[in-house]
Amino acid sequence: MTAATSDSLLKKSTGRNTRGLLRLVILCTIAAAAVASRLFSVIRFESIIHEFDPWFNFRATKYLVANGFYDFWDWFDDRTWHPLGRVTGGTLYPGLMVTSGIIWHALRALTLPVDIRNICVLLAPGFSGLTAFATYLFTNEMTTSPSAGLLAAVFMGIAPGYISRSVAGSYDNEAIAIFLLVFTFYLWIKALKVGSVFWGALCALFYGYMVSAWGGYVFITNLIPLHVFVLVCMGRFSPRLYVSYTTWYAIGTLASMQIPFVGFLPIRSSEHMSALGVFGLLQLVGFVEFVRAAIPSKQFGTLLRGFVLLVFAISLFGLVTLTFAGVIAPWTGRFYSLWDTGYAKIHIPIIASVSEHQPTAWPAFFFDLNMLIWLFPAGVYLCFLKLNDEQVFVVVYSILASYFSGVMVRLMLTLTPVVCVSAALAMSYILDSYLTVKSPETPESVSSTADSSVSGNGSTASAKKAAKQEGGLRANRQPLVGIYTLFSKISVVSAMTAYLLIFVAHCTWVTSNAYSSPSVVLASRLPDGSQHIIDDYREAYQWLRQNTAEDAKIMSWWDYGYQIGGMADRPTLVDNNTWNNTHIATVGKAMSSKEEVSYPIMRQHEVDYVLVVFGGLLGYSGDDINKFLWMVRIAEGIWPDEVKERNFFTDRGEYAVDDRATQTMKDSLMYKMSYYNYNSLFPPGQATDRVRGVKMPEVGPVLNTVEEAFTSENWIIRIYKVKDLDNVGRDHASAASFERGNKKKKVTKRRGPKVLRVE
Amino acid sequence: MHFFKALLLALLPAASLGAKKVATDKFQDFHLKALSSAPLKLADKSYDKLTASPRDYSVAVLLTALENRFGCQLCREFQPEWDLLAKSWTKGDKKGDSRLVYGTLDFMDGKGTFQSLGLQTAPVLLLFQPTTGPHAVADSGPLRYDFTNGPQSAEQVHAWIARHLHDRPHPVLRRPINWVRGFAITTTILGTITFITVAWPYLLPVIQNRNVWAAISLIAILLFTSGHMFNHIRKVPYVAGDGRGGISYFAGGFSNQYGLETQIVAAMYGLLSFATISLALKVPRIADPRTQQVAVLIWGGVIFVMYSFLLSVFRIKNGGYPFFLPPFM
């Protein structure tokens, strides 16, 4: 906006320099605002890594910094997935860690010894500044309006849809991936416009970087071929398109295959087949165009068209055959669930169980994008005004990304850039036409000259005709006149300013309230209004670090695997890298079975401690009892005869934890560990669970095979030690019963000879 | 005397043979009946006979309530799958090697059985394991299949039954080829191709029309961003009552919505976008100053009021939301 107003004030070359300087200052301010709006959590809490996945990335980065790049590349981690271990170096996207490693080394070379944790915490805000800049560049390719790029940069900088994954401390792959996504798209548009190998190669390199950083690279892998395909269908094939796409595909595919985790997927999995198919199609179309240019016969052209169709059909048939023959890998589950929306729920409960993979309700869109969500369609419509290659890209991108973000909440992240760009297009169009100081003269006096002076399109009639012949938009038929009255200008501009101010306030409010909680540390308000920090997680992890053996195996639900690895530095059975469903189901079975069943499982896996999260005392709803059904479901997927979801519901179909709870529920290890000794906190008969809002039974559960080792201040984390085998060879139930002073029942049955138990 | 003893001894195996023959016959009886019409249609009496112990065969019985007045949607949806499974199993096992009999007991024919089992819900699938013979199982109670996840396919039930009859042949499930559907699809494809060929000269301008594509794109975007996919996946109700006899248009809760609600939201987004497009493109092209002034006021007002309403609707969904615009506080 500032740049737009300065246009009229400053002219000629000094004006250009001043405008350039102003633009730079504005961009820097935008970057600063983008960084600043992500620092809520650092200011409120401290410089700390958030949530779950970032803890793994942080741990991997520490490993990288400590052991060097090649050790990191070959890293086999024996402290997770006990006893299987994980080939970590080959199963992660290394881009994030390597980026922060490089920054760390660069800062040290500049004699700035910064703690690696601070780099990790501040990486995402830092990159968000770059994303804003990349969005500015991308938008400038779309339009000639000087203000659109700056508006898009502001939107991108503070839109909650992007902030949700890039606040300080959210050290996740998306932190750098969104910058790479936008910048790759910018380079692609640039390459397409110029038709140069240089820009195409640059685009491919950044695509390779993107592949190394985030699994979402598949979005680019499919969007660019789709764009090319649409362009070819529209008859917009050109040598520029051919050069840029083939360069991008060849170098980009090679680059992506350098990542061990991706490996040969780009030539084998169906997700990448569209890129290959379009590559082949372009060769054919290129060939046909070449021949057509040489031989001007019309029949020959028709023949060639038939030939192209035939080849396309044959290759499609071959692709389908290869897929069914198993040469090309079938769709990976996560990707498949994007198309067949009912697939995940039936076949892969572990994917369905993740809240990020749920479909998006409309409030989430409004929450994350506010007014941009209704400016978005208007911006897309504006793209139809002048439908060049780059505008087609925005249209294709918007439709594809809106579909994906509707299916999966986390893909809102890929939608946000295009929403910001389109909304900025619409907003800048309005501001540009309503902010011009010069008004057109009233038609009475200048009826003869108005058209030529204002629109510059020639007479009305001819402009109309031209628009019709072009097949232009309905809204664009009349010649441009301008806004006559000052009142119109002021009212529209002030309304838009008000909306923009609401947008800024909304973004700040959302960021501050919804996206700035580290989830490792919880904050609550005391009655007097002061802030109270609930720090049970770190308390418990610190306890584990200080009171257990270096190699004590901790069993917990997979959500907490990365945190235990990162904060307590203890081996875990399962973690958030859910690569082995059976192993997770084993843990689920141990949690959801009787003690007599769970104990052998825990012994077999050498479990020393079991960690459960219990929110009943505090009213913390993200606890294990609420996640319990997923454990049951995942275990049922592997052992349908031993674990049954039905048994955890009462006859009336309720999921209850109080007196009505089913026997299976009350016998399950998870239930017992959550509510063990809970009664002792309350007067008799008064125990209540504040999450479920129910009164607990008079008598609490009895634990025989594990013993309470630690319970945090607010009872959020409870840690149990798995008992060793009894010294005298009794089973745990009778040993515990003896300890309690119960009289031993007479055993009449004589014991047979000892046999080796074989399972 | 010795002769009698010898005779008795000689007859003993025969007697036992006879006894065995009865049991075998029972299975053969049912199996023969099943061959002609699987699954067997049972009533109280035949159910008791079929499941009486001792038995040396397995029985899978579906207890269901098909009549309309019970309103058991699940029963009616599962019935064709069950018939298909029973038919293809029995056909694939004509000799009766798997020793499994399929039966269906409708509530109308077997009220007594439903009462004696204490069943409140339908459908219920019971699998009785043999009590004698080579496949005998110690626990004589029937196994129960759960219909917790909605209607089940024949394949899922087939897998469940096969899991419990592990050392016996499991005839594969064959779905009949759906000729009608194949025919319909072929006709549709051919029809479409013919139509396109004939109408091509008329279709081409439509396909190449920018306005059509713009409309399609905008409608798709509005659908997706207003949560249509959520409705599709979660199968949310279109509207719900508010408990006082009225209609509740907006579902409570942030991650919850009704079908009608998303349509209202999509309409709001659409109107806001349309007003924005008009302000940006149409208004600067109006040649008459007075008309232009009116148009600016109208479209600006539409945006203002709609946005205010949108914010107020969002406040319903998210209780603590602090922002609003004047008309709808």
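The tour below moves from stop to stop, with something to select at each one.

**Before you start**

This is a predicted model, where local features need pLDDT of at least 70, side-chain atom pairs count only at pLDDT 80 or more, and totals for chains, interfaces and linings use all residues. Residues are numbered from 1 along each chain as its sequence is written, while chains are lettered from A and ligands numbered from 1 in the order in which they are written. The model scores ipTM 0.82 and pTM 0.81.

**Stop 1: confidence in chain B**

The mean for chain B is 82, and 91% of its residues reach 70 or more. Helices (H or I, at least four residues) and strands (E, at least two) are DSSP runs, numbered from the N terminus. Over residues 14–21 of chain B, pLDDT stays under 50, and the model has zero contacts there beyond four places in sequence. A contact here means two C-beta atoms, placed from the backbone, within 7 Å. Where pLDDT is low, the predicted coordinates should not be read in detail.

**Stop 2: strands in chain B**

Select strand S2 (residues 58–64) and strand S4 (residues 124–128) of chain B: they pair in the antiparallel sense over five bridges. Pairing needs at least two bridges found by DSSP between the strands. Which residue in S4(B) is the bridge partner of Ala60(B)? Leu127(B) is that partner. Follow Leu127(B) across to S5(B), where its bridge partner is Leu143(B). Three bridges join S4(B) to strand S5 (residues 143–145) of chain B, and these two run antiparallel.

**Stop 3: annotated spans**

For chain B, an unreviewed UniProt entry lists "transmembrane region" at several spans, including residues 179–200 and 295–316. UniProt positions are given in the numbering used here, feature names are shortened, and annotations may be inferred rather than shown by experiment. Residues 179–200 of chain B are 100% helix, with end C-alpha atoms 31 Å apart. Residues 295–316 of chain B are also 100% helix, and their end C-alpha atoms lie 32 Å apart.

Over in chain A, an unreviewed UniProt entry gives "domain: STT3/PglB/AglB core" for residues 553–609. That span is 53% helix and 11% strand, and its end C-alpha atoms lie 6 Å apart.

**Stop 4**

Most residues other than glycine have a negative phi, and most peptide bonds are trans. Select His82(A) and Pro83(A), which are joined by a cis peptide bond with omega about 0°. Pro83(A) sits in the loop between helix H5 (69–73) and helix H6 (95–109) of chain A.

Next, find Asn677(A), whose phi is positive, near 65°. The cut-offs, using C-beta atoms placed from the backbone, are 20 or more others within 10 Å for buried, 12 or fewer for exposed, and in between for partly exposed.

Lys235(B) also has a positive phi, about 55°. With 9 C-beta neighbours inside 10 Å, Lys235(B) counts as exposed.

Definitions and conventions. pLDDT is the predictor's confidence in each residue, from 0 to 100.
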